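Welcome, and please open your viewer with the whole model in view. We will go from stop to stop, selecting a few residues at a time.

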Amino acid sequence: MTSRHIPSASDDIAGRPSRRTVVKAAAATAVAAPALVATASPAAASTAAPVFHHGVASGDPLPDGVLLWTRVTPAPEAVPGSGKGPDTAVTWEVAEDKGFTRIAARGTALATAASDHTVKADVRGLRQATGYYFRFSAGGASSPVGRTRTTPAADASSPGVRFGVVSCSNWESGYFSAYRHLAARADLDAVLHLGDYIYEYGSGTYPKDKYVVRRHEPRHEIVTLADYRTRHAHYKTDPDLQALHAAHPVVAIWDDHEIANDAWAGGAENHTPGAEGDFAARAAAAKQAYFEWMPVRTSTEGTVYRRLRFGKLADLHLLDLRSFRSQQASIGSGKVDDPERTLTGRAQLDWLKAGLAGSDATWKLVGTSVMISPVAFGSVPAHLLGPLAELMGLPKEGLAINVDQWDGYTDDRRELLGHLTASGVRNTVFLTGDIHMAWANDVPVKAATYPLSQSAATEFVVTSVSSDNIDDLLHVAPGTLSVVAATALKAANRHVKWVDMDRHGYGVLDVTAERSQMDYYTVSDKAEQGATAAWARSYRTLSGTQKVERVYQRV
């Protein structure tokens, strides 16, 4: 393994050479966040308004544009979720240099109480595969400066694309140092957030009160539009989260906790009809706040499934696995194989199948919030079965399926994997979050006969940024009891090449024409704001193989 230089966040990225000609980053162990981010607490609001307490963000990059985001506080009373405060004109600027001497685009948007004073600018007319700086201003005040990047042209032969990959960031479980380490890298084209960006629970619910690292706001479980807005706003006061958004375009999908635990189209495990109102109203409020507070295009409003392209190298298909799914089946009911039940919904599954079969990109990346690989439990000791079942969404009696994942909707999975094999779709890689563990899997057509059954795709699952995993639930040192459970899981699932149940962190996915490689990084201690990061392992999929293999050097 060789140590390589990470380009500084202060580099003039608009004028940098091709990303394959610059020296590649490998470590991502620096603890310093980019100097371009300035943060302020809402508590510091004064009569001097407006201010930009919640940072800046960009997302959903295109060859000729990118979506920009901020939130302005036009007056002290205009706190998030309040519905108060005057309409305020906000100017945005995009430049080729950090000094804003070469302006590429400029415009004005109106921040209103109706949108919680959030602002989005869908900027077009930019140059392909180019880095830019951006900022906002209002009433003489300026926002922090952000960096972003456009994608290659759809027909361009890109030498490579690199993503940071994260999921599951629970405020009360710990700090977001994983975000800080990704923000410190200047070699990423974008960051994929695969769900559970916020959590809906009341304070002291998850984790239990005595294990809370820091308190979120509001303290109660969020149910109303004002609640969801307040929780999103509180998350965006985190300096590491602000640094991530200011450093890279973020491509995000939701999972359940942006709404309520184990959500489905008509309800959720963590929703009590009557006592917590109508679920449809709650879900609508959650989604409205999400689109207000996240750098996701409003053209996808109501769902987050969409497709982005990174030249001829990669198509990125992003899924919404909460809005259209049937209710989770009861364990032992025999309904997991029912063809009338769906995880994706008919329209989304048809859209995905057509997009995969019709793609001329070398790699077909699929962002999925829950794991597609099947998992059987095998012989797991009783004292480990409870916490492992909690992570995997299983009953503590230990049956061999997770009804909240694709395991609970086997007909959709059978149809999709059958489509990949029948249509000869190669190089499909699923990118997954949700279960607070890191995995590297082949995705078999028939798990029971694997490896005699072919593998239709591969899957890289990233662990959580901060949300509890098995050692947190057991309150033991990492790498102790979990080793037994991991060994049993791998023995019962030969398509699982690696699973890490203990650590928190992030992934870096590097894609070239020859291979897609996931480098897994872990943070030293989620309870420490200044936690360091270190490379843990790497796995890759060589083009045409539909198999994962371990490699012993990060990219």
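This is a predicted model: local features need pLDDT of at least 70, side-chain atom pairs count only at pLDDT 80 or more; totals for chains, interfaces and linings use all residues.

**Stop 1**

Select Arg127 and Glu96. Their side chains form a salt bridge, with 3.2 Å from N to O. Arg127 sits in the loop between β5 (118-123) and β6 (131-138), while Glu96 sits in the loop between β3 (88-95) and β4 (103-111), so this pair ties together parts that are 31 residues apart in sequence. Is Arg127 buried, partly exposed or exposed? Its relative accessibility is 42%, so Arg127 counts as partly exposed. Glu96, at 21%, counts as partly exposed as well.

**Stop 2: helix α5**

Now select residues 346-358, which make up helix α5. Colour Gln348, Leu349, Leu352, Lys353, Gly355 and Leu356, which are the buried residues to look for here. They cover an arc of only 165° around the axis, which means that they lie on the same side of α5.

What covers the buried residues of α5? The cover includes β12 (306-310), β13 (314-318), β14 (363-368) and helix α7.

**Stop 3: across to helix α7**

Because Glu415 lies in helix α7 and Lys353 in helix α5, the pair ties together parts that are 62 residues apart in sequence. Glu415 is buried, with a relative accessible area of 17%. Lys353 also counts as buried, at 17% relative accessibility.

Stay in α7, which covers residues 410-422, and select Thr410. This threonine is buried, with a relative accessible area of 17%. Which residues does Thr410 touch, leaving aside those up to four places away in sequence? They are Val336 and Asp337. With the side chain of Asp337, the side chain of Thr410 makes a polar contact of 2.4 Å.

**Stop 4: the nonpolar cores**

Next, select Phe163, Leu365, Leu431, Phe460 and Leu509. These are the residues with the most contacts inside the largest nonpolar core, which has 73 residues. Helix α4 (residues 279-293) gives the most to this core, with 7 residues. Then show a second, separate core of 21 residues, which includes Val90, Trp92, Leu126 and Ala246.

Return to Phe163 and display its surroundings. Not counting residues up to four places away in sequence, Phe163 touches Leu188, Ala190, Leu192, Phe310, Leu365, Gly507, Val508 and Leu509.

**Stop 5**

How many salt bridges does the structure hold? The count is 37. For one network of them, select Arg162, Arg185, Asp187, Asp510 and Arg515, which are linked by salt bridges. Another pair to pick is Glu549 and Arg540, whose side chains meet at 2.5 Å, N to O. Glu549 counts as partly exposed, at 31% relative accessibility, and Arg540 counts as partly exposed at 26%.

**Stop 6: helix α9**

Select residues 482-492 to bring up helix α9. Its buried residues are Ser482, Ala485, Ala486, Ala488 and Leu489. Seen down the axis of α9, they fall within an arc of 165°, so they line one face of the helix.

**Last stop: Thr73**

Finally, select Thr73, in the loop between β2 (66-71) and β3. Is Thr73 buried or exposed? With a relative accessible area of 5%, Thr73 is buried. Apart from residues up to four places away in sequence, Thr73 touches Ala49, Pro50, Val51, His53, His54 and Ala78. Show Arg71 too, and you will see its side chain joined to that of Thr73 by a polar contact of 3.0 Å. To end, draw a distance between the C-alpha atoms of Thr73 and Pro86: they are 13 residues apart along the chain and separated by 9.5 Å.

Definitions and conventions:
Residues are numbered from 1 along each chain as its sequence is written. Side-chain values use heavy atoms; hydrogens and water are left out. Helices (H or I, at least four residues) and strands (E, at least two) are DSSP runs, numbered from the N terminus. Buried means under 20% relative accessible area, exposed over 50%, partly exposed in between (1.4 Å probe, protein chains only). A polar contact is a pair of N or O atoms within 3.5 Å; within protein, one must be able to donate a hydrogen and the other to accept it, and residues adjacent in sequence count only if both atoms are side-chain atoms. Contact means heavy atoms within 4.5 Å. The expected span of a helix is 1.5 Å times one less than its number of residues. The arc is that of the directions from the helix axis to the C-beta atoms. A nonpolar core is a set of buried Ala, Val, Leu, Ile, Met, Phe, Trp, Tyr and Cys residues joined through side-chain atoms within 4.5 Å. A salt bridge is a side-chain nitrogen of Lys or Arg within 4 Å of a carboxyl oxygen of Asp or Glu.
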